[in-house]
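Let's take a walk through this chain together, starting with its overall layout and ending with a few backbone details. Have your viewer ready.

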Amino acid sequence: MTWLYKTPGIPDELFERLPGIPLSKREVRLLMISALRLGDGGVFWDIGAGTGTIPVEIGLLCPNSPIIAIERDEEVASLIRRNCERFGVKNVTVFEGSAPDCLPNISLAPDRVCIEGGKPIKSVLQEVWQYLKPNGRIVATANNLETLYQFSEGFSNLQARNIEIVQAAVNRLETRGIHQVFAAVDPMFILSGDKL
Ligand SMILES: C[S@@+](CC[C@H](N)C(=O)[O-])C[C@H]1O[C@@H](n2cnc3c(N)ncnc32)[C@H](O)[C@@H]1O
């Protein structure tokens, strides 16, 4: 099946999933994409690409951008390839490796980076910063205070500009038994910062 709509925000259930492999929920994904401030043609790295929702969405939005999806798990890397095929995305290269160690092997320097995996966090951030082009931008996600703090401190130490942190709280209406209840979608912190 090829997804034909141009607006981002593909419904979660349209992606192929693997048990236990996380997926950024649609509403959170939209905030991440917005925070990236993409331009078609720029090089994009997604570190810890998981199910591949971000490379798929960005591949559709920016068909002229080289997109590198970095994923340490071989099975998950294959899942990303299948999701790209499913949505007809042709400009994603899946790079199997563990960040930060694998990053020097990527030949194209990025204009935009999304950090969703990799430890220690500060080493990943420092390594990415070295490769990030001038006027480049990093967006990182955190679902706990420790990660939030490490990214926040990491951005400050690197003297990133225009640091922003947004905490999204999204609730979806669900049917539970005889009731319609609002269920929280994984609360997420979205951090972003620019390199001069
Ligand atoms: C939270 S998931 C990303 C989900 C993704 N946002 C999506 O919606 O499809 C994080 C992924 O990072 C990968 N990962 C964790 N540490 C990594 C590392 N050091 N290098 C590369 N990938 C890593 C995990 O295998 C996992 O698939």
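In what order do the elements of the chain run from the N terminus on? They follow the pattern α-β-α-β-α-β-β-α-β-α-β-β, which comes to 5 helices and 7 strands. Here helices (H or I, at least four residues) and strands (E, at least two) are DSSP runs numbered from the N terminus. Please keep in mind that this is a predicted model, where local features need pLDDT of at least 70 and side-chain atom pairs count only at pLDDT 80 or more, while totals for chains, interfaces and linings use all residues. Residues are numbered from 1 along each chain as its sequence is written, and side-chain values use heavy atoms, with hydrogens and water left out.

Now for the overall dimensions. The C-alpha atoms fill a box of roughly 55 × 35 × 30 Å along the principal axes. The radius of gyration of the chain is 16 Å, which agrees with the value near 16 Å for a compact globule of 196 residues; the radius is taken over C-alpha atoms, and the globule rule is 2.2 Å times the number of residues to the power 0.38. Buried residues make up 49% of the 196, where buried means under 20% relative accessible area, exposed over 50%, and partly exposed in between (1.4 Å probe, protein chains only). Among contacts (heavy atoms within 4.5 Å) between residues at least 6 apart in sequence, 67% join residues at least 24 apart.

UniProt, in an unreviewed entry, lists residues 41–153 as "domain: Methyltransferase"; its positions are given in the numbering used here, feature names are shortened, and annotations may be inferred rather than shown by experiment. Over residues 41–153 the chain is 37% helix and 21% strand, with the end C-alpha atoms 31 Å apart.

Finally, let's look at the backbone. Most residues other than glycine have a negative phi, and most peptide bonds are trans. Against that background, the bond from A99 to P100 is cis, with omega near 10 degrees, and P100 sits in the loop between strand 3 (92–96) and strand 4 (112–115). The bond from K119 to P120 is also cis, with omega near -10 degrees; P120 belongs to the loop between strand 4 and helix 4 (121–131).

Two asparagines deserve a look as well. N135, in the loop between helix 4 and strand 5 (137–142), has a positive phi of about 65 degrees and is exposed at 61% relative accessibility. N162 lies in strand 6 (residues 161–176), with a positive phi of about 55 degrees, and is exposed at 52%.
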